[in-house]
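Please keep the sequence and the structure side by side as you read.

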Amino acid sequence: MELLWKSHMKIHVIKLVYVLVLVTLMNSKVAESRKDKIISTSFEYNAINCRAHSVSLKDFGGVGDGKTSNTKAFQSAISHFSQYASEEGSQLYVPAGKWLTGSFNLISHFTLYLHKDAVLLASQDVNEWPVIKPLPSYGRGRDAAAGRYTSLIFGTNLTDVIVTGDNGTIDGQGSFWWQQFHSKKLKYTRPYLIELMFSDNIQISNLTLLDSPSWNIHPVYSSNIIIKGITIIAPIRSPNTDGINPDSCTNTKIEDCYIVSGDDCVAVKSGWDEYGIKFGWPTKQLVIRRLTCISPYSATIALGSEMSGGIQDVRAEDITAVNTESGIRIKTAVGRGGYVKDIYVKKMTMHTMKWAFWITGNYGSHADKKYDHNALPEIKNINYRDMVAEEVSMAGNLAGISNDPFTGICISNVTISIAAKAKKQPWTCSDIAGITSGVTPKPCDLLPDQGSENIKSCDFPSDYLPIDMLELKKCTYSI
């Protein structure tokens, strides 16, 4: 009996061990399955180019706790990727988390991709922001005469660069910098969030930008640029938080953007006074579509005031402005030189505005006292058509320069409803020349009405710019 009992016990022990092993294996597989679900991420997006190599920031020691500096992790990762520039390029994936970082530089044939729950937090340690020289077309910094802090995401002399995501966030934590600006403690000009210089084939898309220290997106001396699906938010009284500033750029497309700003939502630029005249690099071939702007103290689209290298062939359509100081504003002055010409805007809707149209020939604000007092800007062939505006304090304030009239202004098929509490005349005009048709309220005498039969008289080009011909590729990745 004892022998039989021992035999049964042995069988039970074997079965129990078998069950335990089986359960352990099953749990291991479940754990592996869960682990796979956590670390495996698949995503796709449209881009000017796809990449052969893709790695997560975590693989270079990144820590997304919102406290640990990741400046070196970004720098190490991007330095590592430089070896793949000739092999269809590389992509750095930023996963969900809060990634504190100072300034870092991009490379050619490179994509920076932000997960929808990824937040880049701009460091408030000024030691993580290298200082560089002022822009040659400006001659000095905007906040201070000396140099400027490098932008958070920066690059120069690059080609084929993409900064995109699944609506991931870049938070500039700008209040630190705004306080420094207001207290006049800045030795150098505040950094921007994204700046690319002397570069070609650029895409910035599907991101949310918050509280930039100053300008948000600044492509400068660059060409073939797509800026699409961008949301920009900053307090309406934050200083100089321009949304998107194409500056001395060629062949640029800005589409499907929503901007709430303390300054101009889009500001088109090309250099400042004698420095911009000497540098001589215009902004041209710019298209802006489906822009929504809220900026109570600035413009929806501003041309200038730094326009000394020239601005030409700007096309804007399907624009919405709400609670914004002005719809379209041209800013210039004696000493700027340069030109603003061949400007076309149509299908614009404005709600609660101070001015619908504003042209300023005495903007002032010079780089220094060395500007040429004989350098007069040329403003001509300005076309506005097919617009509706409601609750507007003043339809237009159009002021050229004495002995330098702004000419070729055309406004047609525009209806502006003046606010009940408006106290000024709907139009004031000086030193300008042009025509109107189908405009309400009746414009000033310097813009004579051509009659309803010419309601389509203002131009808008029917051709497409080269940037519109570029077809994006669908890129799919698994991290």
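In E22, which residue is the bridge partner of Ala 302? It is Arg 329. Before going further, keep in mind that what you are looking at is a predicted model.

Strand E22 covers residues 311-331, and four bridges connect it to E21, with the two strands running parallel. E21 also pairs with strand E19 (residues 266-268): here there are three bridges, and the strands again run parallel. To find this pairing in the viewer, look for Val 268, whose bridge partner in E21 is Leu 303. Now colour the model by accessibility and return to E21, residues 299-303. Five of its five residues are buried, so the strand is largely enclosed by the rest of the structure.

Next, move to an open sheet of four strands. Its order is E6-E11-E14-E16, and the pairing is parallel. Strand E6 (104-105) and strand E16 (217-220) stand at the edges; each has a single partner strand, so one side of each is left without a neighbour in the sheet. Between E11 (residues 153-156) and E14 (residues 194-197) you will find four bridges, and these strands run parallel. One place to look is Thr 156, which stands opposite Met 197 of E14. As a reminder, strands of a sheet pair through backbone hydrogen bonds, either parallel or antiparallel.

Now for the cysteines. The disulfide count comes to four.

Let's begin with Cys 265 and Cys 293, a disulfide whose sulfur atoms are 2.1 Å apart. The link is right-handed, with 75 degrees about the S-S bond. Cys 265 sits in the loop between strand E18 (250-260) and E19, while Cys 293 belongs to strand E20 (residues 283-294), so the pair ties together parts that are 28 residues apart in sequence. Both Cys 265 and Cys 293 are buried.

Another disulfide joins Cys 410 to Cys 458, with an S to S distance of 2.0 Å. This link is left-handed, at -90 degrees about the S-S bond. It connects distant parts of the chain, 48 residues apart: Cys 410 is in strand E25 (residues 406-418), and Cys 458 is in the loop between strand E27 (432-440) and strand E28 (473-478). Cys 410 and Cys 458 are both buried.

What about their accessibility? Cys 429 counts as partly exposed because its relative accessibility is 22%, whereas Cys 444, at 14%, counts as buried.

Cys 249 is in no disulfide, and the nearest cysteine sulfur, that of Cys 257, is 15 Å away. With 1% relative accessibility, Cys 249 counts as buried. Cys 257 is in no disulfide either; for this residue the nearest cysteine sulfur is that of Cys 265, 10 Å away. Cys 257 is buried too, at a relative accessible area of 3%.

Note on methods. Residues are numbered from 1 along each chain as its sequence is written. This is a predicted model: local features need pLDDT of at least 70, side-chain atom pairs count only at pLDDT 80 or more; totals for chains, interfaces and linings use all residues. Side-chain values use heavy atoms; hydrogens and water are left out. Two strands pair if DSSP finds at least two bridges between them. Buried means under 20% relative accessible area, exposed over 50%, partly exposed in between (1.4 Å probe, protein chains only). A disulfide is a pair of cysteine sulfur atoms within 2.5 Å.
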